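Let's walk through this structure together, one feature at a time. Keep the model open beside you as you read.

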Amino acid sequence: MSITFTLNGVPRRVAADPGENLQALLQRIGIRSVRASDDREGFAGSDTILLDGRAVLAGLMVAGQAEGHSIDTVERFMENGRLSALQEAMLDAGVVQSAYNAPAAVLLLEELLGREAAPTEEDVRDALSGLFSRSTGYKQFFLAVRLAARRREDPRYTEAAAPDFADGLRTIGKPRRRIDGVKLVSGGRAFVEDMVEPASCVMKMLRSPYAHAHIRDIDTAAAESMPGVVAVITHRNCPDVLYGRAGQGFPEPSPYDCRMFDRKVRHVGDRVAAVVAEDEAAAAAALASIHVEYELLEPVLSLGDAVAGGKPPIHGGPDDPVVYQFPIGADPARNLAASVSGGIGDVEKGFAEADAVVERTYETSRVQCTPLEPHSVFTRMDGERLVIHASTQVPWHLRRIVARVLGIRENRVRVIKERIGGGFGTKQDILLEDVCAWATFTTGRPVFYKFTREEEFIAATVRHPMKITVKMGARRDGTLTAVKMTIDADTGAYGNHCLTVPMNACSKSLPLFPCANTAFEARSWYTNLVPSGAYQGYGAPQGSFAVQMAAAELAAELGMDQLELIEKNKVREGSVLEILKSLGEGRPGAAVRVRSCGLDKALAEGRKGMGWGERPADPDPDVKIGRGAVIIQQGSGLPGLDQACADVRLLSDGTFIVHSGGADLGTGLDTVLAKIAAETLRCDMECVAVLTGDTDTTPFDKGAYASSGTFFTGNAVRKAADDLAGKLLAAASAMLGEPVEDLRLEHPGKVAGKRGAVEYAAIAHACQGGEGRGELTGSASYTTDDCAFPYAAHFCEAAVNTRTGSIEIRRYHALHDCGTPINPDLALGQVYGAILKSIGHAMYEEMIFDGEGRCLTTGLADYGVPMIQELPPEVEVRFIPTDDPFGPFGAKSVAEISVNGAAPAIAIAVHDAVGAWIRGWPITPEKVLRALGRLEATP
C-alpha cells in the first residue's frame with residue numbers, strides 16, 4: 001500500500017507496509033536526521049519529528065499513523081541553505097558537541113519557541129526532558145534559546161558564550177563556532193550510517209546466552225540456505241588469529257586473548273556467529289535458525305570470586321593461549337590478567353611516624369559509556385582495497401589490527417573516521433569492525449553493522465569496576481607521612497586495557513598529594529562478565545574517588561577542615577612527582593616536575609564562591625545540607641609513547657588546508673587545529689580547512705585517547721604551521737629581495753618587510769608556476785617526554801533527606817586549570833557534559849546482573865542515565881588560565897579530567913550533611929539509609 005503525507009512542506013506518496021516503523025521509513029526515503037539510538041524504546045529522543053507541529057517520537061509510531069498528516073524534520077528549518085536563528089544560536093552557544101541528536105534538539109526547541117516568546121530555563125528543561133545528550137551537559141542550551149528568542153526582536157543581539165583568554169591573540173582563547181557545526185546542526189551527512197550505499201548488506205550477530213561455555217557444535221545450514229542470506233561466519237570459516245581489541249599503540253600492554261570467533265564463549269553476549277544478509281528481516285530469520293550446542297562451564301561472576309581463586313581459568317591452556325607483547329604480571333591460570341606494584345620511600349616507616357592513620361576500602365561500579373550513536377561500521381571494497389568507514393577514536397590502530405587479523409598488508413586497508421556521535425573511550429576498542437571487514441573482504445559486498453542498544457550493554461566495553469583500599473597517615477598538623485593504595489580491578493571476559501587502567505587509577509590520583517613514602521599495588525582479574533575497557537578518565541575516576549575520600553576521612557580523624565588538609569599536602573607548581581618513576585608501562589618511568597599548576601587559585605576561588613565554612617539550613621527539618629571539595633588531575637597524552645603528525649598546505653589562493661590523523665570525537669578538535677594554524681600563520685580561521693582521520697590522505701596520529709588531542713595533535717599542527725611559515729618567509733624573501741630576518745607574517749595573510757609586502761596568494765602563484773619552487777607544505781611530527789598536567793578543584797553542595805535517603809545536588813562549582821583554553825565555549829561544554837556524566841556514575845548508573853551473568857539493564861531507561869532534569873540548579877565552570885610551557889599556546893587538556901570529581905565530592909558532601917560515609921558507587925538512597933541505621937544492611 002501507499003501512505004500519503006506532507007514532508008517538510010512537500011506532499012509525498014510513499015509505498016510502505018502500514019506496520020513499518022515510521023522512523024525506519026523516514027530513513028529509507030532519505031531523511032537521515034531522524035535517528036535510532038535506543039532500540040525504539042522512546043527514551044533518547046534522537047527520532048524526534050514534528051507531527052502537525054507537535055514533537056513526537058517516530059520510533060514509537062507505525063508508518064500508517066502518518067497518513068494525512070504533516071511531518072517536519074530538521075531539514076525544514078534550513079532556508080535556501082541557511083541555518084535558522086535557533087541553529088545559529090546553538091553554534092554560537094557552543095552546545096554542539098558530538099551532535100548525534102542535535103537535529104532532534106533543534107526540533108524540540110523550535111517547537112518551544114513557536115509557543116513561547118521568551119522561554120524560561122524551566123521551559124527549556126521541560127522541552128528537552130525527553131532528549132538524551134551525554135556530551136553537552138545541557139546548560140548551554142539555555143543560552144542558545146535565549147539568543148534565539150532575543151534575536152527575533154534584535155537580529156544583532158549577542159551574548160558571550162564564554163570569557164576571552166590569551167590577550168594579544170586573535171583566535172586562540174576566543175569563542176568561535178565549530179568549523180563543522182553547520183553540517184552537524186542541520187542533519188547533514190556526517191556519521192557512518194549516512195555513508196551507507198544503496199543495496200548494501202546488513203550484519204546481525206548471534207551472541208552467547210551463557211557466561212562460560214564451549215561450543216560443541218554449531219549448525220548453520222538452514223541459515224545459509226535462506227533467501228537473502230549472503231554469508232554466515234563462525235569460528236569455522238574466519239581467521240584463527242589471536243589479537244587484542246584494545247586500540248592502543250604497538251606493542252600493546254593489553255594481552256592478545258581473543259579471536260574473531262572462538263570455540264569458547266566467555267560472557268553473555270560474546271560472539272557466536274554473524275549473518276550477512278540483503279536486509280534486516282533476512283538476517284534476523286537466519287539468526288533464529290542457527291542451532292548451537294553448548295557445553296557449560298563454571299563461570300566467575302564477581303571480582304570477589306576471581307580474587308578468592310579456586311575457579312576455572314577463563315583463558316589459558318594449550319588450546320587457549322594468551323600472548324603478551326611484554327610481561328604485564330599476568331597469570332591466566334589464576335584469572336589474573338595483569339598486575340603491577342611499586343613505590344617510593346618506606347611506607348611502613350611513614351605509617352609509624354603518623355599520629356593518625358586511616359585504612360578504608362572503596363568500591364566503584366560497572367558503568368556503561370552509553371554513546372548516543374551506537375557502535376557503527378560500514379565496509380566496502382574499492383577495487384582490491386578494503387575501505388572501512390568507522391565511528392572510531394583510533395583509525396590508525398584500527399587499520400593495523402584489522403590488517404593483521406585478515407592477514408593482509410596495511411596498504412590494502414583504508415580507514416575513514418566519520419563523525420563520532422559520542423565515543424567516551426568505548427570507541428577506542430575494536431568491537432565490530434574486524435567482523436564486518438572480513439565479511440566484505442570475503443564476499444566483496446558492502447556491509448553495514450550497527451549495534452543495538454542492547455548490544456551496547458552486553459557486547460561493548462564498560463568502565464572497570466574496582467575495589468580500592470587506601471591507607472593514609474598524617475601528623476597532627478595534617479602533613480602526610482605515608483600513602484598506600486591497593487587496587488583490584490574487574491577486566492571482565494577480555495583484557496582490554498587491563499594493565500593501563502588500574503595503573504592510571506594510581507598515576508592520576510597519588511601525585512595529587514606528593515608524599516615521600518608512597519606505595520601501590522594494582523591487579524586486574526578476568527571474570528565472565530561483559531568486558532571492561534577504555535572509558536573517559538581511564539581509571540582516574542575510580543582512583544580519585546578512593547584517594548580523595550581517604551583524605552577527607554583522614555581530615556575528619558584529625559579534626560581538621562577538609563580543605564586545610566588538601567591545601568597543606570596538594571601538588572604545586574615546581575613539585576617533583578617522584579612516584580611516577582614507578583608507574584611506567586612496560587618500561588621504567590621517570591620523575592616529573594610540574595611546570596604549571598593553577599590549584600592555588602582554583603581552591604581560593606572555589607572556597608569563596610561556595611561560601612566554604614558556612615552551614616546553610618533547609619526549611620525542611622529532615623533535609624541536611626553538606627559540602628564537599630576535591631582536587632583532581634589528568635594528563636595530556638602519553639609522553640614518550642604517543643606521536644602525532646600533520647602537514648599544512650598553501651593553496652593557490654593563499655588559503656590553507658591542514659591534514660592531520662587526529663580523531664575529533666565530538667570535542668571540537670578540528671576547530672582547535674584550525675585555530676592553531678590560523679594563529680600561527682596570521683590569517684583568519686575561514687582561511688583554514690581541516691581534513692582529519694583518513695589513513696589514506698592524512699599522516700599518522702595515535703588517535704583520540706588519554707587526553708592527547710589538543711596537546712599532541714595540536715602541537716604537531718603548530719610545528720607544521722611553523723615549518724610552512726619558514727617556507728613562506730623564504731619564498732617572500734626571493735620575491736621582495738629582502739633578507740628573511742627582515743620579514744614577518746602579518747594578518748590577514750601576507751609577508752611584510754621593510755620595503756614592501758606580498759600576499760600569500762601571490763606567493764602561492766609564484767611557487768606553483770613553471771619556474772616556481774613547488775607547492776609549499778609544512779610538515780611535522782610531535783613526540784615529547786614533557787608532561788602537561790591539567791588540574792581542577794570541584795566543589796559540591798548536596799541536600800540529603802534523612803527520612804528518604806534522597807540526595808539533591810544543589811550547587812556544583814568546577815574550577816579548571818587547562819592552561820590556555822583554546823576554544824573556551826566548546827571547552828565549557830565538555831566540562832558540563834563530563835560533570836553530569838560523573839554525577840550519573842556517582843548516583844544513578846549501575847549495570848545489574850543476575851546469578852547467571854545476564855545483564856538486566858540493557859536499555860537506557862532502566863539503566864538510569866542522567867537527563868536535563870538531573871542538571872543541578874547551579875552549575876558553574878570557570879577556567880583558571882595558566883601558561884603551560886609545553887602545550888600549544890600554553891594549552892593543556894580539559895575534557896577527560898572533568899569526570900574525576902563528582903563521585904568523591906558528592907560522597908564527602910553527604911558525610912558533611914549527615915555524618916555517614918558512603919564508600920561505593922552508586923550513592924543511592926538505600927545506602928544512605930543503611931549508613932544512618934534506618935534500613936537493615938544487605939546480607
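Lys-311 pairs with Glu-298 in a salt bridge, with 2.9 Å between the closest N and O atoms; the term covers a side-chain nitrogen of Lys or Arg within 4 Å of a carboxyl oxygen of Asp or Glu. This pair links distant parts of the chain, 13 residues apart: Lys-311 is in the loop between α9 (303-308) and β12 (336-344), and Glu-298 is in the loop between β11 (291-296) and α9. The element names come from DSSP runs numbered from the N terminus, with helices being H or I runs of at least four residues and strands being E runs of at least two. Lys-311 is partly exposed, at 25% relative accessible area, and Glu-298 is partly exposed too, at 42%. On that scale, buried means under 20% relative accessible area, exposed means over 50%, and partly exposed is in between, using a 1.4 Å probe and protein chains only.

A word on what you are looking at: this is a predicted model, where local features need pLDDT of at least 70 and side-chain atom pairs count only at pLDDT 80 or more, while totals for chains, interfaces and linings use all residues. Residues are numbered from 1 along each chain as its sequence is written, and side-chain values use heavy atoms, with hydrogens and water left out.

Back to the charged pairs. Side chains of opposite charge can pair when their charged atoms come close. How many salt bridges does a search of the whole structure find? The count is 63. One of them joins the side chains of Lys-450 and Glu-193, at 3.2 Å from N to O. Lys-450 sits in strand β17 and Glu-193 in the loop between α6 (181-185) and β6, so this pair ties together parts that are 257 residues apart in sequence. Are these two residues buried or exposed? Lys-450 is buried, with a relative accessible area of 18%, and Glu-193 is buried as well, at 13%.

Glu-605 and Lys-601 form a salt bridge whose closest N and O atoms are 3.9 Å apart. Both residues lie in helix α17 (residues 599-610), four residues apart, or about one turn of the helix. An α-helix has 3.6 residues a turn, so residues three or four places apart point the same way. Glu-605 is partly exposed at 24% relative accessibility, and Lys-601 is partly exposed at 45%. Elsewhere, salt bridges link Asp-240, Arg-259, Asp-262, Lys-264, Arg-266 and Asp-320 into a network.

Next, the empty spaces. Rolling a probe the size of a water molecule over the atoms shows where empty space is left. The search runs on a 1 Å grid over the protein atoms alone: a cavity is a set of points where a 1.4 Å probe fits but cannot get out, a pocket is an open set with protein on both sides within 12 Å along at least five of seven lines, and lining residues have an atom within 4 Å of a point. Points are joined across faces, edges and corners, and a volume is the space filled by probe spheres set on them.

The largest pocket holds about 1600 Å³ of space. Its lining has 47 residues, and those closest to the centre are Arg-40, Val-202, Lys-204, Glu-280 and Phe-448. Strand β6 supplies the largest share of that lining, with five residues. By class, the pocket lining divides into 18 nonpolar, ten polar and 19 charged residues. Here Ala, Val, Leu, Ile, Met, Phe, Trp, Tyr, Cys and Pro count as nonpolar, Asp, Glu, Lys and Arg as charged, and the others, Gly among them, as polar.

There are also seven cavities of 30 Å³ or more. The largest cavity has a volume of about 700 Å³, and Leu-665, Thr-667, Gln-830, Ala-895 and Glu-896 are the closest to its centre among 44 lining residues. Helix α21 gives the largest share of this lining, six residues. The cavity lining is made up of 20 nonpolar, 20 polar and four charged residues.

The second largest cavity contains about 120 Å³ of space. Among the residues nearest its centre is Ser-133, which lies in the loop between α4 (121-127) and α5 (139-153). Ser-133 is buried, at 5% relative accessible area.
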